[in-house]
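Please look at the sequence and the three-dimensional structure below, and keep both in view while you read. The paragraphs after them go through the structure step by step.

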Amino acid sequence: WLVDPLDGTKEFINRNGEFTTNIAMIHENRPVFGIIHAPERNETYWGDENNGSFFLEGDSDSSEKRIKVSKNANNKLRILTSRSHSSTKLESLLDALDEYEIIEMGSSLKFCHIARGEADFYLRFGPTSEWDTAAGDAILEFAGGNVCELNGARIKYNLKESYLNRDFIASQSEELSLSLKKIISS
């Protein structure tokens, strides 16, 4: 199990409601179940490999909804950026894109918004730990999305010497991840 009892510490301190609790079950170095709860928003997201991904707003089971990524074929890209961590590498990527919309957000909620079809990708340059990403990785994957390192490989959990992740892309499709990878490496 990977547990992050308070993801988005800066969001918690700033009282903007964008902090979460993340729990993921890891099997054979990949997340097979993930749950993210945003207490200030009263939102819960979860996903597993057998049932897909879901969203619950409030406390009633009747509002439970299955979620899927959006392919956003003909619209400008909706790009999630960290509210608390900026990146000059991201600025370089943005220069290479034609039309896009920036959505600032804190914590693992970025994975959830891609999984709900409300954004297209989140590119993370800079340190994150496995407990920051595992639950979101599961939810996004089981909603039809993709999470990979910049070399295209899946993030492997509990396999490295350190719990730090490499830079990664979380997106609504493997195709988009590959396209972004090409832009980054050029």
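The text below turns to a sheet, then to a helix, and then to some individual side chains.

This is a predicted model, in which local features need pLDDT of at least 70 and side-chain atom pairs count only at pLDDT 80 or more, while totals for chains, interfaces and linings use all residues. Residues are numbered from 1 along each chain as its sequence is written, and side-chain values use heavy atoms, with hydrogens and water left out.

We begin with the sheet. Six strands form an open sheet in the order β1-β2-β3-β4-β5-β6, and their pairing is antiparallel. Here helices (H or I, at least four residues) and strands (E, at least two) are DSSP runs, numbered from the N terminus, and two strands pair if DSSP finds at least two bridges between them. At the edges of the sheet are β1 (2-7) and β6 (65-67), each of which pairs on one side only. On average, and with direction ignored, neighbouring strands of this sheet are turned by 20° against each other; axes are lines fitted to C-alpha atoms, for helices over the stretch in contact, and angles run from 0 to 180 degrees between N-to-C directions.

The individual pairings can be followed strand by strand. Strands β2 and β3 pair in the antiparallel sense over seven bridges, and threonine 21 stands opposite histidine 37 in β3. The hairpin of β2 and β3 has two residues between the strands, and glutamate 28 takes a positive phi near 50° in this hairpin. Between β3 and β4, which also run antiparallel, there are six bridges, and isoleucine 36 stands opposite tyrosine 45 in β4. The hairpin of β3 and β4 has four residues between the strands, and in this hairpin asparagine 42 takes a positive phi near 55°. Strand β5 (residues 52-57) is joined to β6 by three bridges, again in the antiparallel sense, and the bridge partner of serine 53 in β6 is isoleucine 67.

Helix α4 (residues 130-142) packs on this sheet and touches β1, β2 (20-27), β3 (30-38), β4 (43-48), β5 and β6, while its direction makes about 100° with that of β3. Contact, here and below, means heavy atoms within 4.5 Å.

Next come the aromatic rings. A pair of aromatic rings is described by the distance of the centres and the angle of the planes. Rings of Phe, Tyr and Trp (its six-membered ring) pair if their centres lie within 6.5 Å, and planes under 30 degrees apart count as stacked, over 60 as edge-to-face and the rest as tilted. By this rule the count comes to seven aromatic pairs. In one of them, the rings of tyrosine 45 and phenylalanine 55 have their centres 4.9 Å apart and their planes at 35°, so the pair is tilted. Tyrosine 45 lies in strand β4 and phenylalanine 55 in strand β5, so this pair ties together parts that are 10 residues apart in sequence. Both tyrosine 45 and phenylalanine 55 are buried, where buried means under 20% relative accessible area, exposed over 50%, and partly exposed in between (1.4 Å probe, protein chains only).

Phenylalanine 111 and phenylalanine 168 form an aromatic pair that is stacked, with 6.0 Å from centre to centre and 15° between the planes. This pair links distant parts of the chain, with phenylalanine 111 in helix α3 (residues 109-115) and phenylalanine 168 in strand β11, 57 residues apart. Phenylalanine 111 is buried, with a relative accessible area of 3%, and phenylalanine 168 counts as buried at 1% relative accessibility. Ring pairs link Phe111, Tyr122 and Phe168 into a cluster.

Which ring has arginine 116 over its face? Arginine 116 lies over the face of phenylalanine 55, at 3.9 Å from the ring centre; a charge sits over a ring if NZ of Lys or CZ of Arg is within 6 Å of the ring centre and within 35 degrees of the ring normal. Arginine 116 lies in the loop between α3 and β9 (121-124), and is partly exposed, with a relative accessible area of 26%. Not counting residues up to four places away in sequence, arginine 116 touches Glu43, Tyr45, Phe55, Ile67 and Lys68. Lysine 68, in turn, lies in the loop between β6 and β7 (77-82) and counts as exposed at 51% relative accessibility.
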